[in-house]
Amino acid sequence: MKIILKTTIAICLLGSYTLVNAQNAAVVNGKPISSAKLNRLIEQSGQPNSPELREKARDILITKELVLQEADKRGITKSPEIQEAIEQAQLSVLVSAVFEDFVSKEGISDAELQPVYESMKSQMGGKEYKTRHILVSEEKLAKSLLAKIKGGASFAELAKANSKDPGSAVKGGDLDWVSANSLVPEFSKVMTTLSAGQLAPEPVKTEFGWHIIQVDEIRETPIPTLAEVKPKLVQMLTQDQNWQKAKFAEMMEKFKSKAKIQ
């Protein structure tokens with residue numbers, strides 16, 4: 001009976017020990033480091049969970065705990081200078097967290113975004129060209145194909161049969177809508193001189209080979225509405241230091257107006 005009882009107690013103790021260890025990533029001089037803390041650190045790293053990463057993260061937590069324990073043992077944490085430095089570091093973290101929470105909950109008005117939007121619009125605009133081309137390696141072939149097109153041959157069919165640009169060749173040489181700054185300079189220079197429906201009079205040489213260029217249509221570049229680019233505008237605005245200072249001042253004024261200060 002005593003043997004059975006001792007065995008039962010041992011099993012219970014072993015179960016409790018296993019449960020405690022499952023809850024802790026490590027125990028340093030009797031101070032437990034929870035598995036939840038380890039999991040948070042791994043999640044914050046943004047890397048895929050793996051045994052190697054878990055071991056590295058566990059090592060970091062153990063190092064931190066050893067430093068904290070040693071600081072206490074040496075009486076360093078009782079130093080007024082150290083305590084003030086810790087308070088300042090804590091305040092810095094809290095200020096950032098409160099500010100982010102304030103901006104998140106208060107939101108950013110369209111009126112605040114409007115100047116950023118206007119600045120973005122001023123850099124947009126211009127023209128877009130619905131262009132097609134045939135790309136070949138030799139000038140002689142380019143001139144021969146150009147002559148055929150001028151004689152009434154189908155640009156699209158010649159592009160499918162001869163163009164070295166696989167992306168556009170299957171579409172009859174169609175590059176879809178492009179802007180001048182999205183293409184190599186030699187190509188853009190000729191393209192922007194053409195009218196809608198016009199074929200470039202001569203093949204154009206670029207680093208890729210010889211191009212036969214035709215512009216099918218021209219339009220003004222569509223400018224997105226504020227609502228369409230709002231997430232991007234918010235990101236741009238929140239990274240602006242002048243806006244951060246102004247918004248922080250606004251936040252503090254709101255806090256002061258609600259506080260009882262004697």
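K247 is placed in helix 11, which spans residues 241-258. In this predicted model, is K247 buried or exposed? Its relative accessible area is 4%; since buried means under 20% relative accessible area, K247 counts as buried. Leaving aside neighbours within four places in sequence, K247 is in contact with F99, F102, V103, G107 and E112.

**Strand 3 and its partners**

The secondary structure of the protein chain comprises 11 helices and 6 strands. Strand 3, residues 127-136, has 9 of its 10 residues buried, and it is therefore largely enclosed by the rest of the structure. Which strands pair with strand 3? Strand 6 (residues 209-220) runs antiparallel to strand 3 and is joined to it by 10 bridges. Within this pairing, L135 is found opposite H211 of strand 6. Strand 4 (residues 174-178) also pairs with strand 3 in the antiparallel sense, over 3 bridges. Here Y129 stands opposite V178 of strand 4.

Most residues other than glycine have a negative phi.

| Residue | Relative accessibility | Class |
|---|---|---|
| K247 | K247: 4% | buried |
| N29 | N29: 66% | exposed |
| D176 | D176: 38% | partly exposed |

**The chain as a whole**

How does the radius of gyration of the protein chain compare with that of a compact globule of 262 residues? The chain has 34 Å, whereas such a globule would have a value near 18 Å. Along the principal axes, the C-alpha atoms fill a box of roughly 105 × 70 × 35 Å. Of the 262 residues in the chain, 27% are buried. The accessible surface comes to about 18,000 Å², and carbon and sulfur atoms account for 57% of it.

Among contacts between residues at least 6 apart in sequence, 64% join residues at least 24 apart.

Terms used
Residues are numbered from 1 along each chain as its sequence is written. This is a predicted model: local features need pLDDT of at least 70, side-chain atom pairs count only at pLDDT 80 or more; totals for chains, interfaces and linings use all residues. Side-chain values use heavy atoms; hydrogens and water are left out. Helices (H or I, at least four residues) and strands (E, at least two) are DSSP runs, numbered from the N terminus. The radius of gyration is taken over C-alpha atoms; the globule rule is 2.2 Å times the number of residues to the power 0.38. Buried means under 20% relative accessible area, exposed over 50%, partly exposed in between (1.4 Å probe, protein chains only). Contact means heavy atoms within 4.5 Å. Accessible areas come from the Shrake-Rupley method with a 1.4 Å probe; for residues, only the protein chains shown count as cover. Two strands pair if DSSP finds at least two bridges between them.
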